[in-house]
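Keep the viewer open as you read.

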Amino acid sequence: MESYVTIKNFDEDVEMGNKTNEISESRSVIMNNGEKTTTCFSSKQQRQPQSQSQSQTHRLVSLDVFRGFTVGLMILVDEAGGLFRALNHSPWNGVTLADLVMPFFLFIVGVSLALAYKKLPSRVVASRKAILRALKLLALGLFLQGGYFHRLGDLTFGVDLKQLRWMGILQRIAIAYLFTALCEIWLNADNTVNSGSSLVRKYRYQWAVALFLSGIYICLLYGLYVPDWEYQIPTEPSSAPMTLSVKCGVRGDTGPACNAVGMIDRTILGIQHLYKRPTYARMPECSINSPDNGPLPPDAPVWCQAAFDPEGLLSSVMAIVTCLVGLHFGHIIVHFKDHRVRMLYWMIPTSCFVVFGLTLDLFGMHMNKVLYSFSYTCVTAGAAGFLFVGTYLMVDVCGYSRLTVIFRWMGKHALMIYILVACNVFPVLIQGFYWGKPQNNILKLIGIGT
């Protein structure tokens with residue numbers, strides 16, 4: 001029950017679930033013989049003063065719809081990723097639909113934070129609450145993704161603390177949330193915002209932080225020397241593990257074996273605490289069934305069986321940048337009320353991000369979800385921006401909210417759905433009820449977990 005309260009509080013405050021996060025939207029409403037109809041971009045009605053009974057204070061529906069769509073995409077990727085290549089993570093370079101889920105989550109967290117901290121009675125109290133929420137989310141991530149729950153088909157549970165996975169999706173969201181929240185609480189000027197340039201001046205310190213983090217990431221990724229390293233793989237239960245050595249001795253390598261992202265994680269976290277099933281195991285060098293998992297080719301390189309965490313420390317630096325981009329989108333909601341102005345100020349950076357990211361990829365800085373490369377950050381942030389603008393136009397401007405009722409509900413309960421479905425908590429609970437032997441359960445009957 002206490003865990004549910006923690007989850008619910010995080011949903012309610014960070015994801016626009018309480019009354020302080022509601023905003024007033026001047027929807028264009030035309031009264032016609034007592035019937036109310038909604039039109040897109042009716043500027044005439046926006047210029048007319050409205051009485052208190054006609055003005056509407058409502059929750060921004062597009063936030064929930066965007067978040068719900070992301071949850072739905074995550075479930076689709078988890079369940080159908082093995083059937084369609086476009087729904088499976090890219091083995092290394094490149095971007096698929098599955099690679100958009102994480103940045104979309106981080107983007108909408110940033111948008112929500114701008115609205116959650118629109119009015120701050122006390123910066124110290126707000127900082128204390130943000131730290132506490134982040135710690136709770138970190139603990140939840142360690143419990144759900146640290147290895148305590150085993151795969152479907154295995155009714156055992158528990159984790160060896162020597163093998164506990166320190167990083168994960170919830171841990172990354174917690175880190176990005178905390179850093180972005182502290183930036184929003186402490187790093188904003190007192191300027192009055194009445195134009196795009198004044199908006200940039202008010203939040204110039206936050207943009208400086210985003211540029212600084214991007215610069216640090218690029219310098220470490222391309223400047224750190226990666227020495228040779230080794231790891232162990234288990235063999236027979238009665239035999240000693242086999243030790244494999246990986247030859248590197250390079251700088252600026254962005255391949256699976258000798259990149260700085262993996263080196264930092266191996267050095268700080270320890271290779272035994274990293275993700276044991278990396279996506280690069282589906283590369284042609286490591287799988288005869290590439291881009292699917294399969295047996296090792298006869299000439300497979302030695303690094304194919306090494307652990308690698310896609311939510312590592314250095315890559316999480318760029319995850320913070322994605323969250324800061326979403327924060328900027330939220331600032332536009334806070335300071336501008338006209339639909340056209342909002343969409344204009346959203347589309348300008350969104351287009352620039354996509355064009356810049358694709359240009360970087362063309363010139364050799366490839367889009368890579370595992371490394372969370374700078375080009376990947378730009379393109380995925382731009383993709384999130386395009387989707388958010390489209391959702392906002394359809395739902396909050398034109399009023400087609402009935403078409404997105406399911407996504408809206410999923411968006412309001414995103415964290416609970418993620419825990420129950422994506423973390424396999426609900427399937428594991430259902431699988432615990434069987435007839436005669438564990439293999440005779442409902443999941444086996446419908447073809448899940450076989």
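Helices here are DSSP runs of H or I with at least four residues, strands are runs of E with at least two, and both are numbered from the N terminus. Before going further, keep in mind that this is a predicted model, where local features need pLDDT of at least 70, side-chain atom pairs count only at pLDDT 80 or more, and totals for chains, interfaces and linings use all residues. Residues are numbered from 1 along each chain as its sequence is written, and side-chain values use heavy atoms, with hydrogens and water left out.

Is T322 buried or exposed? T322 has a relative accessible area of 0%, so it counts as buried (buried is under 20% relative accessible area, exposed is over 50%, and partly exposed is in between, with a 1.4 Å probe and protein chains only). Leaving aside residues up to four places away in sequence, T322 touches P103, L106, F107, Y372 and T377, where a contact means heavy atoms within 4.5 Å.

Now for the core. The largest nonpolar core has 106 residues (such a core is a set of buried Ala, Val, Leu, Ile, Met, Phe, Trp, Tyr and Cys residues joined through side-chain atoms within 4.5 Å). W346 and F388 have the most contacts inside the core. Look around F388 and, again skipping residues up to four places away in sequence, you'll find it touching S62, L63, F66, F107, I108, V111, F329, I333 and W346. F107 is also on the contact list of T322.

On to the cysteines. How many disulfides does a search of the whole structure find? There are two, a disulfide being a pair of cysteine sulfur atoms within 2.5 Å. In one, C248 and C258 have their sulfur atoms 2.1 Å apart. C248 lies in the loop between strand 7 (242-246) and strand 8 (250-251), and C258 in the loop between strand 8 and helix 9 (260-268), so the pair ties together parts 10 residues apart in sequence. The torsion about their S-S bond is about -85 degrees, so this disulfide is left-handed. Both C248 and C258 are buried.

The sulfur atoms of C286 and C304 are 1.9 Å apart, forming a disulfide. Its S-S torsion is about -75 degrees, so it is left-handed. C286 and C304 are both buried. C219, by contrast, counts as exposed because its relative accessibility is 55%.
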